[in-house]
Structure formats: C-alpha cells, structure tokens
Amino acid sequence: MKKYYLRREPSGFKLNYEKELNQEQYTVVMHPGGPMLVLAGAGTGKTRTVTYRVARLLETGTRPENILLLTFTNKAAQEMMRRVEFLIGRNVQGLRGGTFHHIGNMLLRRHYILVGYKGGFSILDREDSKDLFDICLTGIKKKDTLLPKGSVLSDMHSLSKNKGISIEEIIPFRFPHFSQVIEEIKQTVTLYERKKQTLNLMDFDDLLTNWKRLLAENENIREYYSAKFMHLLVDEYQDTNKLQAEIVDLLANTNRNLMAVGDDAQSIYSFRGADFENILKFPEKYRDVTIFSLTTNYRSTPDILHLANASIIQNVQQFPKELHSVKNSGNMPSLVPLRDVFQQADFVGQRILDFNADGMTLNEIAVLYRSHYQSMELQMELQRRGVPFEVRSGLKFFEQAHIKDILSFLRVVVNPYDELSWKRIARLVPGIGNITAAKLWDAISRSESPLDAIFEMGRLVPKKAVDGFNLFLDLLKVLNEGGHENESLQPAAAVDHLLSHGYEDYLYSHYPNAAERIEDIEQMRRFATKYTSLEIFISDMSLQSASGDESDEGEGDDRECVILSTVHQAKGLEWNTVFIIGLNDGKFPSVRSLKTDSEEEERRLFYVAVTRAKDELYLCYPITSEEWQGLGFLRPSRFVKELPENTYEEIVVEDGDEVP
DNA sequence: CTCAGCCTTCTTTTT
DNA sequence: GAAGGCTGAG
C-alpha cells in the first residue's frame with residue numbers, strides 16, 4: 001500500500017517552540033548549526049530537545065535522509081523517531097537512526113568488498129568471539145604457558161580496539177598478569193583476525209573498525225556519506241569510545257553540523273572502552289563549538305535531587321554542575337538497613353504492595369541493583385506474593401542457548417563458512433560431540449560448497465549418531481533449498497520448520513523448562529515475520545539489545561508490572577518510585593571495580609540510579625550475609641555513608657506479626 | 001578414544 | 001542457573 005502525504009508549508013507544523021520548550025532547550029533547538037555540545041543533566045528534557053531539534057530541521061527544509069541520529073540503544077533510537085513523527089504529525093520516510101553498531105552493519109552490508117569481506121557475513125556476539133579465541137588458542141598454546149582463556153582474550157582485544165591502544169600497550173596497563181606472554185597473545189590475536197576474515201565473520205568491534213576503515217581509506221565513500229548526512233546528532237556522547245568518536249569526526253567532515261549530547265556525570269561504560277574524555281575534549285577538537293547546558297530537572301523532587309547532587313559532587317573529574325528541580329518538595333529519600341537479603345526482599349515486596357494498594361500502578365515502580373544476581377531473592381519473594389514483574393537483566397534474549405541454536409542453523413545457510421555455527425548445530429545431534437564436530441568442520445572448511453558437501457559426510461559420524469545425523473541433514477536440506485531456489489523460505493518459515501522438525505523434541509528431552517523455551521522461539525518466529533531476508537533478520541537479531549520483549553504489537557502484553565533492572569539498563573528511564581537494593585561496599589561499588597580504580601565511575605552509576613526516581617526513593621542495604629566467603633557483616637556502601645545526614649531519613653524495619 | 005552426565009564453582013556492567 | 005571440569009560408561 002502506498003501512502004500519499006500532502007506537502008505542508010513550513011508553517012504547517014504548528015509547533016510552538018517557545019511555548020513548549022524552556023529557554024535553555026529553545027536555544028539548542030533553534031541554533032543554526034555547526035558543532036554543538038549539549039551538556040544535558042539527568043531529567044532535563046534531553047530527548048525532548050533532540051526530537052524538537054530534528055523536527056525543527058525538517059521544518060526548515062532538511063530532508064529526512066540527510067539526518068543521522070546515533071544513539072546508545074536501538075530502543076532509544078526508535079523512541080526518538082517515534083516522537084519526531086508524533087511532533088510533525090506524519091511518517092518520516094528515510095530518517096536514519098540507530099546504534100553505532102547498527103548503522104555500521106547497515107553500511108558494511110553495502111560496501112563489504114572495500115574492507116575485504118564477502119557478502120552475508122555473520123556477526124559474532126560476545127560468546128562467539130570467546131569461542132573463536134579458544135579455537136585459535138589450541139593452535140598456539142604450549143604445555144606450560146599461562147595463556148589467558150578465550151573470554152579474557154576477547155575482552156582484551158575488544159578493549160584494545162575500542163580504545164585504539166595496541167595489545168602490547170594495554171597488557172601491562174590493564175592485564176599485568178600476562179606481561180610474560182605478550183608474544184603468544186599477539187600471535188593468537190593475529191590468528192583470530194585472520195580467521196574472522198576467511199570465515200566471513202565480524203565481531204561487534206569489527207562493525208566499528210571496518211566502518212571507520214571504510215570511511216578513512218576510501219575518499220569517495222567518505223565524501224559521499226559525510227555529504228549525505230548533513231546533520232549528525234549523537235546521543236549519550238559521554239559513553240562513546242575513541243573509535244566511535246573517530247567515526248563521528250569522519251562523518252562530520254564535510255558539513256560539520258554535529259550535535260553531541262551527553263552528561264559526563266552519567267558516563268558508566270568505561271569497562272567497554274567508553275572514554276568520557278571525548279566529551280571533555282570536544283571543545284578542543286571543535287574550536288568553533290557552541291556549548292549549551294540543560295540544568296532544569298523536570299523529573300525528580302528537590303529532595304531526591306539534593307541527594308544526587310550531594311553524591312556526585314564528591315567526584316573530582318567532572319564539569320561541575322548543579323541541577324535544580326522545578327517540582328514541589330516531596331518525601332525525603334529513605335535509607336533502609338535490613339537484616340539480610342531476605343528481609344530486604346520482604347521489605348521491598350511489601351512496600352510495593354502497599355504502594356499498589358494506595359493506587360500507584362506497578363508500572364511506576366522499579367527496583368535497581370548493581371549486578372543481576374542481586375535480584376534473585378527478590379524475584380522469589382515477588383513470585384510468592386503474586387506481584388507481576390519483568391526482569392531486565394541477566395542473559396539477553398538472543399544469548400540464550402535455544403535462540404542461538406536456531407540462529408546457528410540459519411547462519412550456516414547464509415554463510416556456509418561459519419565455523420562456530422557449524423560446530424554448534426552438529427553437537428546438537430545425539431552422539432556427536434566436540435571431536436566429531438571438529439572432524440565435520442575440517443571437511444566442510446575444505447570443501448568448495450559446504451552445503452552440498454555435508455550430505456556426503458555420513459561416514460565421519462559414529463554409528464550411533466547416524467540416525468540423528470540423517471534427520472539433521474533433512475533439516476538443512478529444507479532450509480537450504482528453500483533459500484536458494486526462489487528465496488521462498490522466509491525467515492519465519494525457517495524458524496517454524498526447525499521447531500516442528502526436531503528441535504522441539506530436542507528441547508523436551510533436554511530441558512525441564514522446554515515449554516518456556518519454545519515460547520521464546522515462537523516469539524522469535526513472530527518477530528521474523530517482519531523480515532523477508534534471512535541475512536538481515538540474523539544480523540538484526542544479533543544486534544538486538546532489548547530483551548526480546550515488547551517488540552511492539554506484542555498482543556496486549558503490557559500488563560502492569562514492576563521492573564527489576566540493573567542500573568546500566570535503567571539509563572534514560574524514569575519511575576515514580578525507585579528502590580535501590582544491595583547498597584553494600586563490595587557490591588555497589590563492586591570489589592572488582594574498586595580494584596581497577598574506578599570508584600568515580602561507580603559513583604556515577606549510583607548517581608544514574610538515584611536520578612531515575614521521580615517522587616520516592618529507597619536506598620536499601622542488608623547488614624549481614626550468609627554468603628560463602630565474607631560471612632558475617634556487610635558494610636553499607638561508601639556512597640551511602642558519605643551522604644550528608646540531611647539528605648535522607650532512616651527507616652527501621654522490624655519483623656511484624658505477619659503469619660507465614 | 002568419545003561422549004554424556006554429574007559435580008562444583010561463581011557470579012559486573014553490554015553493543 | 002550456567003558453565004566448566006572431572007569421571008565413568010561405551
């Protein structure tokens with residue numbers, strides 16, 4: 001169906017910028033162009049400003065395809081585009097927005113030849129990258145050498161790529177333990193790089209490095225895209241890394257209409273190479289920059305903001321700033337010592353029910369924590385009390401074994417030289433383990449046409465596995481032929497076929513929670529119906545950040561529920577009432593980050609958590625613990641202890657007369 | 001030599 | 001609850 005829109009005259013937008021924005025926001029939105037740095041504190045209407053800015057650009061005649069919006073999550077991008085459309089009252093065709101990885105993926109699928117790749121390359125997620133490193137290690141590792149494991153190597157390599165620091169420089173600095181084996185590590189990395197290229201695989205970092213190479217090494221490409229994207233808007237600039245900043249610089253090359261939005265106080269991704277020097281040094285890099293500050297907070301009560309300000313002020317490295325609230329004073333934030341994690345769960349559960357009884361919807365309540373495992377007791381407690389909740393942490397949807405299994409089948413069809421996927425799916429056949437899978441791969445990798453050759457490999461398989469292997473071949477046959485002939489096999493049909501021709505049985509025989517897993521795959525199938533290309537479907541799945549949930553039009557699944565989330569995933573969101581649990585020294589801040597000298601980053605994380613709350617804030621910490629090592633007493637978090645006493649009110653919790 | 005199943009260990013944060 | 005290591009069965 002084709003839609004026609006009547007072109008409106010510029011005034012047709014009817015946006016009253018002066019009325020709908022405050023003075024600070026208004027100046028940003030109306031600014032003519034050039035490099036802009038917008039320092040936007042928490043809750044100061046950052047999204048609003050960005051979306052109005054985009055609307056304004058469109059209104060003054062910029063075409064949608066000449067605007068690029070780079071965000072931190074796909075969700076943020078979608079949200080912003082949705083709001084732009086709402087503002088101007090119609091669909092905006094051609095407006096580009098997404099994460100760096102997403103846009104990189106999109107461009108590289110168009111220009112893969114220029115970076116030495118073949119079409120249909122697969123994307124390695126964290127675990128794949130780790131597995132591939134382990135494979136590379138087997139060739140290099142000698143008996144007594146103390147080489148790091150694949151997972152460590154993967155981290156090391158990723159950090160080096162994202163920070164633009166070589167391996168030999170980064171090891172003494174971040175991984176001094178391995179200073180003796182730098183040569184071996186370098187060999188392994190080289191092998192890894194080569195393998196990715198021959199197997200037609202890109203890891204997450206390659207989506208950035210190859211994107212940068214594409215722009216840096218090809219003048220015509222650089223000129224084309226930097227001319228095309230007349231206006232660049234980068235959200236969460238404080239969490240970009242060196243590589244991403246370089247890409248932005250290359251893209252801004254021609255027009256220099258670059259608007260970077262961020263808040264140095266909310267930089268929480270340095271473990272991933274984010275460098276908030278990017279934001280601090282932005283003015284040096286762009287001398288003609290105009291700097292804006294948004295300091296009026298619309299979200300939180302003055303009481304909550306007071307506490308947040310008192311916390312962040314203890315950081316040395318920052319642009320000092322103070323947010324002021326426009327709301328009326330409310331309740332003091334509560335500090336709640338609890339006996340142990342069970343009492344903590346009990347307290348939070350009961351408080352939630354109380355709020356709910358007073359008429360607050362559950363959607364306005366969130367519980368935040370530093371690490372996923374801290375939510376376990378609470379999950380059990382909420383279950384027990386019948387409080388619906390949604391967990392937004394832990395294993396991502398697409399990282400779960402059953403999802404990856406399905407994807408691996410699809411991946412070998414698109415990229416027949418995907419070693420990891422071949423090995424993965426081969427091992428699903430009963431009777432085939434690592435050894436046989438490796439033999440199969442060995443034969444596959446030598447063959448001209450793996451998808452044909454695999455059918456001749458029956459003799460490599462042990463007798464007891466033959467039946468299973470034949471079923472496996474049948475499956476592949478359907479997937480493959482459907483794909484080749486006339487592209488009749490749509491992603492959704494492929495998923496469906498896998499499920500109904502064996503994988504369902506596999507799940508039932510291997511997992512007690514097979515039904516849930518099947519439900520997940522069903523959801524994936526539904527999601528797949530939006531795609532006509534396997535290749536695009538697979539890469540989108542790999543880059544999908546949201547936990548697979550709420551991919552819109554999920555049939556009425558927006559039942560009321562409490563959100564449980566890590567602080568990292570809560571960035572950019574807000575709730576009426578926020579509980580922060582597990583505020584103990586060693587947990588939040590975590591011991592590991594204290595060792596690596598990132599206390600300030602942990603404090604920023606605490607700041608992010610606190611500033612999610614609109615009206616009610618609870619800071620909870622258990623006093624004792626029955627955990628394995630440090631049995632006995634826990635100390636309250638330093639972030640709590642350093643708070644001035646006039647910023648909170650302490651609550652004492654006693655066991656009541658509740659009958660179990 | 002291969003595989004599967006049971007055991008222990010250990011939980012940062014994520015595109 | 002998951003992932004890796006060890007052991008015993010085939």
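**Close-up views of helix packing and strand pairing**

**View 1. Helices α2 and α3 form a right-handed crossing.** In this predicted model, helix α2 spans residues 23–30 and helix α3 spans residues 46–59. Their axes cross at roughly 35° and come within 8 Å. On the α2 side, the contact involves Gln25, Val28, Val29 and Met30. These residues meet Arg48, Thr49, Tyr52, Arg53 and Arg56 of α3. By residue class, the contact of α2 with α3 comprises four nonpolar, two polar and three charged residues.

**View 2. Helix α17 packs against helix α23 at an angle of about 45°.** The axes of α17 (residues 401–414) and α23 (residues 514–528) lie 9 Å apart. Because of the angle between them, α17 is oblique to α23. The crossing of α17 and α23 is right-handed. Helix α17 contributes His402, Ile403 and Ile406 to the contact, while helix α23 contributes Arg517, Asp520, Ile521 and Met524. The residues of the contact of α17 with α23 comprise four nonpolar, one polar and two charged.

**View 3. Strands β2 and β3 run parallel and are joined by four bridges.** Strand β2 covers residues 67–71, and strand β3 covers residues 96–99. Within this pairing, Leu70 stands opposite Gly98 of β3. Between the two strands, the chain passes through helix α4, residues 74–88.

Conventions
Residues numbered from 1 in each chain as written. Chains lettered and ligands numbered in written order. Predicted model: local features only at pLDDT ≥ 70, side-chain atom pairs only at ≥ 80, totals over all residues. Axes fitted to C-alpha atoms, helices over the stretch in contact; angles between N-to-C directions. Parallel < 35°, antiparallel > 145°, perpendicular 65-115°, else oblique. Left-handed = near helix turned anticlockwise from the far one by under 90°. Contact = placed C-beta atoms within 7 Å. Nonpolar A, V, L, I, M, F, W, Y, C, P; charged D, E, K, R; others polar. Pairing = 2+ DSSP bridges. Right-handed = clockwise from strand over helix to strand, strands pointing away.
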